Amino acid sequence: MFTGIVQGVAQVKALTRKQGLAHLQIELPLENADRLENGASIALNGTCLTVTDFEGPLVQFDVIDTTLELTNLGTLDVGSWVNFERAARVGDEIGGHLMSGHILCCAEVLAVEYPDANNCHIRFKTPVNAAPYLLPKGFAGLNGCSLTLAESDQESFSVSLIPETLERTTFARLRPGDRVNLEVDPQTQAVVDTVQRYLASQA
């Protein structure tokens, strides 16, 4: 389980692609590399991955073909940067919203705007399968970051980012055409799906 509060960025140090699988190695900041163990969960760009090996801050994961196709992890290369979050521990403060690390799809960046020195607005194309769950002022996980949607409709949705978020994450590197991993709020998804099933049964 994750909170959507990205702890920092990590760089891809090694990447080996095989048929249906990729071996991915990242380097965590030293202050975030404590108490690592094989089998632990770490979210990279919001995608829950299992630690398969580590040496100091160098951490390795196996990424299967389904994950490579569904998320933007398939576009990574050596030198790429990713958002990371260690799995939440009992007693941790939940500053964002509970997230599973299960990505629904990717959303394409349409525009990145800086109206002034302290604000950044990013607009994304609304994926068809995510549209029912993206509500104005609702929550979504974008590359692992818990964010409130400023605007949302069937065509696009937007978020507004403060300097702290830009400094701590990879969002400052985004450009039009880039894809971000999208995880919808599970509570919103449950409510919307329940209502849609009920309406369908009454038709």
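Predicted model: local features only at pLDDT ≥ 70, side-chain atom pairs only at ≥ 80, totals over all residues.
The chain is divided into domain 1, residues 8-86, and domain 2, residues 105-202.

**The aromatic pair**

- The structure holds one aromatic pair, and the rings that form it belong to Phe-124 and Phe-157, with their centres 5.1 Å apart and their planes at 20 degrees.
- The pair is described as stacked because the angle between the planes, 20 degrees, falls under the limit of 30 degrees that is set for stacking.
- Phe-124 lies in strand E8 (residues 119-125) and Phe-157 in strand E12 (residues 156-161), so that the pair ties together parts of the chain that are 33 residues apart in sequence.

**Salt bridges around Asp-34**

- A search of the whole structure finds five salt bridges, and among them are those that link Asp-34, Arg-35 and Arg-86 in a network.
- One of these bridges joins the side chains of Asp-34 and Arg-35, with a distance from N to O of 3.7 Å.
- Asp-34 counts as partly exposed, at 37% relative accessibility, whereas Arg-35, at 59%, counts as exposed.
- Another bridge brings together the side chains of Arg-86 and Asp-34, with 3.9 Å from N to O, and this pair still qualifies because the limit for a salt bridge is set at 4 Å.
- Arg-86 belongs to strand E6 (residues 81-86), while Asp-34 is placed in the loop between strand E2 (21-27) and strand E3 (41-44), so this bridge ties together parts that are 52 residues apart in sequence.
- Arg-86 is buried, its relative accessible area being 10%, so the network includes a buried residue.

**A salt bridge within a helix**

- The side chains of Arg-168 and Glu-164 also meet in a salt bridge, here with 3.0 Å from N to O.
- Both residues, Arg-168 and Glu-164, lie in helix H2 (residues 163-168), where they are four residues apart, about one turn of the helix.
- Arg-168 is counted as partly exposed, at 36% relative accessibility, and Glu-164 is also counted as partly exposed, at 41%.

- The C-alpha centres of domain 1 and domain 2 lie 23 Å apart, and the contact takes 14 residues from domain 1 and 13 residues from domain 2.
- The area buried between domain 1 and domain 2 is about 960 Å², and carbon and sulfur atoms give 41% of that area.
- What kinds of pairs are counted between domain 1 and domain 2, as regards salt bridges and polar contact? The count of salt bridges between the domains is zero, while seven residue pairs are found in polar contact across the interface, with both residues of each pair at pLDDT 80 or more.
- On the side of domain 1 that touches domain 2, strand E1 (8-18) and E6 each supply at least two residues, and the largest share of that side, four residues, comes from E6.

**Residues with a positive phi**

- Most residues other than glycine have a negative phi, which is the background for the residues named next.
- Arg-35, although it is not a glycine, has a positive phi of about 55 degrees.
- Arg-35 lies in the loop between E2 and E3, and this residue is exposed, with a relative accessible area of 59%.
- Lys-137 likewise has a positive phi, near 70 degrees, in a residue other than glycine.
- Lys-137 is found in the loop between E8 and strand E9 (139-142), and with a relative accessible area of 61% Lys-137 is exposed.

How values were computed: Residues numbered from 1 in each chain as written. Heavy atoms only, no water. Buried < 20%, exposed > 50% of the residue type's maximum accessible area, 1.4 Å probe, protein only. Phe/Tyr/Trp six-rings, centres within 6.5 Å; stacked < 30°, edge-to-face > 60°. Domains from an automatic or database assignment. Contact = heavy atoms within 4.5 Å. Buried area = accessible area lost by both parts, 1.4 Å probe. Polar contact = N/O pair within 3.5 Å; in protein donor to acceptor, adjacent residues only side chain to side chain.
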